[in-house]
There are 2 protein chains.
Amino acid sequence: MNALIAIDWGTTAARAYALDGAGTVTGTRSAPLGVQNVQDGRFAEALAALLGDWHDDPAPRIACGMIGSRQGWIEAPYVACPAQLPDLVAGLVHVPGSRLTIVPGVRTRDAYDVPDVMRGEETQIAGAIAARDERVLCALPGTHSKWACVDAGRLVDFLSFMTGEMWGVLLKHSILGRLAAPAAEGSEPGPAFGSGVARGLGPGNLAHDVFGARTLALMGELAAEDVADWLSGMMIAREIRNAGTWAHRHGYDGARVRLVGADALVARYAAAMHQADIAVEVAGSNAAAQGLWRIATLAGIVSSPTKSSGASSA
Amino acid sequence: MNALIAIDWGTTAARAYALDGAGTVTGTRSAPLGVQNVQDGRFAEALAALLGDWHDDPAPRIACGMIGSRQGWIEAPYVACPAQLPDLVAGLVHVPGSRLTIVPGVRTRDAYDVPDVMRGEETQIAGAIAARDERVLCALPGTHSKWACVDAGRLVDFLSFMTGEMWGVLLKHSILGRLAAPAAEGSEPGPAFGSGVARGLGPGNLAHDVFGARTLALMGELAAEDVADWLSGMMIAREIRNAGTWAHRHGYDGARVRLVGADALVARYAAAMHQADIAVEVAGSNAAAQGLWRIATLAGIVSSPTKSSGASSA
């Protein structure tokens, strides 16, 4: 019997996890039913399609991600940083007429008073921080990657980078695309990736260094099929370098990073970090489900794991 | 009677200038017949279309820009930096069966051994440097803007930035476009431009700061119609900041910059430089024509101005 159905509901995709009374994932469902792919607010139908045969399961549901944004099902307003688990619980929003509760996103302001936001990553971070007294720098690669300083279960501050999306649009829509052979986003990084990393770990201006991908190809120093890899390495490394500087200002030495996620992009970040002599720990791939479980437990949406282990076998 | 027909022949557009025996521009023609818009190598036809009623003029022709690239009419291989006017003359390439001579581009390598190139800007710089003993930092805004250190007529080094193209593709193809009202590229910068400049003149990572345009709009701190302007100011100012650091390494203090060009983009750079307390001189809008005249004169394609003033009245 499922104790909770936990949903990581993003912009393009949605993934549901069934968890038993001990908080263990027993099954998953996924669908390309992200918020931007749901028309006319038909989120109830999208949820039914995502859950499939779980639809009639009486377990409570909890979701994180863009589903709580203004473009989502119901808005769960951002909680201010620094944020702890009880702050996320206090910001939970229930979808009327349903069994679904939505986790709020988190907001902060950078050193120049420019706002920054996350939705979904706060929950992944909660799931990736097992020991509550840890002091850890987290990196969450993605279209808009996030770096987070976490201390004793508290999300102290975070910083977003548009690295992934910039890489994609530059290759697809700029002059770089005319010189580059198409690259699969999930492909294994080759030697050109390492050269790009070496460049990106140094100082520089991204608008100049991006142009370097073009001139290297133009001068025959980078093969067409390596342009995407070089650019990926350069941009990821530049992000790592700058995030390190930022973390340093928060009192983190940046020599150890916990990578949260499980896709090919995480492997690229890990490779770049190894090249930068940063010790990498990779959090489990179910961080969102684990974070949703912790939030649901604290909110009393499910009984706490110790109590529920008896109840779930009944 | 025309002494020279000088052509600035770029990627998207071509502009022809008629010059009299004193090197004065007496007329211009332009057409959207840039290199990428000419099919199947039909450059002779494109030139005839560009010149129109000048087509039968017996004056020699000289061109700079992408017309000398591998994708152009005939390749004029890059000359290495530092480059002087005689180096450009030595690299001139004649188009067989025509009266057209093409100016080579210039190449350099940045501090990290990544190649950089220009085609056309070397000629604009030659035209913008009137006094031969000047020591001046030049900025040439554009899709791929260039900064150049010039000393006594010698192009010491240069640096490219993809600022303009990145701005365009981000607004058109990234998440920023969904939050931004469309902006005309030539529009006057508003107050949001100044806010963006203030942000860009500080330190930071472009992939993070670009994301700031989204979060500012999301939080209601930047109107949809101001996103393009804020992003423009931020990216231009970041380029100015980084180019200043680069120029400093070459022994230029960066407190005075000569802007080369004449379009709306130059006005934006000038506004950002004023905000950064940089003294700005704007070179004449005919810098390419004037540079082509200097090169043609030195090459003996036209007689030198002092001699020709008599000849042209004959």
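Reader: Where is the place of D113(A) in chain A?

Author: D113(A) sits in the loop between β8 (106-109) and β9 (115-118) of chain A. Helices (H or I, at least four residues) and strands (E, at least two) are DSSP runs, numbered from the N terminus. Before we go on, this is a predicted model, where local features need pLDDT of at least 70, side-chain atom pairs count only at pLDDT 80 or more, and totals for chains, interfaces and linings use all residues. Residues are numbered from 1 along each chain as its sequence is written, chains are lettered from A and ligands numbered from 1 in the order written, and side-chain values use heavy atoms, leaving out hydrogens and water.

Reader: What is phi of D113(A)?

Author: Start with the general idea: most residues other than glycine have a negative phi, and most peptide bonds are trans. D113(A) has a positive phi, near 70 degrees, and is not a glycine. D113(A) is also partly exposed, with 48% relative accessible area. Here buried means under 20%, exposed over 50% and partly exposed in between (1.4 Å probe, protein chains only). D40(A) is another non-glycine with a positive phi, about 55 degrees. D40(A) lies in the loop between β3 (25-31) and α1 (43-51) of chain A, and counts as exposed at 72% relative accessibility.

Reader: And the peptide bond from C81(A) to P82(A): cis or trans?

Author: The bond is cis, with omega near -5 degrees. In chain B, the bond from C81(B) to P82(B) is cis too, with omega near -5 degrees.

Reader: Is A83(A) buried or exposed?

Author: A83(A) counts as buried, at 5% relative accessibility. Its contacts (heavy atoms within 4.5 Å), leaving aside neighbours within four places in sequence, are V106(A), G153(A), R154(A) and L155(A). A83(A) and D157(A) are 74 residues apart in sequence, yet 8.4 Å apart in space, C-alpha to C-alpha.

Reader: What about R119(B), which is buried yet has no salt bridge?

Author: A salt bridge is a side-chain nitrogen of Lys or Arg within 4 Å of a carboxyl oxygen of Asp or Glu. For charge, Lys and Arg count as positive and Asp and Glu as negative, with His and the chain ends not counted. For R119(B), the nearest side chain of opposite charge is E75(B), 4.6 Å away. The side chain of R119(B) does reach the backbone oxygen of G68(B), at 3.1 Å. R119(B) lies between β10 (115-118) and α3 (121-128) of chain B, in the loop. In α3(B), eight of eight residues are buried, including E121(B), E122(B) and Q124(B).

Reader: Which residues have the most contacts inside the largest nonpolar core?

Author: In general, nonpolar side chains tend to be buried together in soluble globular proteins. A nonpolar core here is a set of buried Ala, Val, Leu, Ile, Met, Phe, Trp, Tyr and Cys residues joined through side-chain atoms within 4.5 Å. The largest has 96 residues, and those with the most contacts inside it are W147(A), L231(A), W147(B) and L231(B). Among the contacts of L231(A) are W167(A), L170(A) and V210(A).

Definitions and conventions
Polar contact = N/O pair within 3.5 Å; in protein donor to acceptor, adjacent residues only side chain to side chain.
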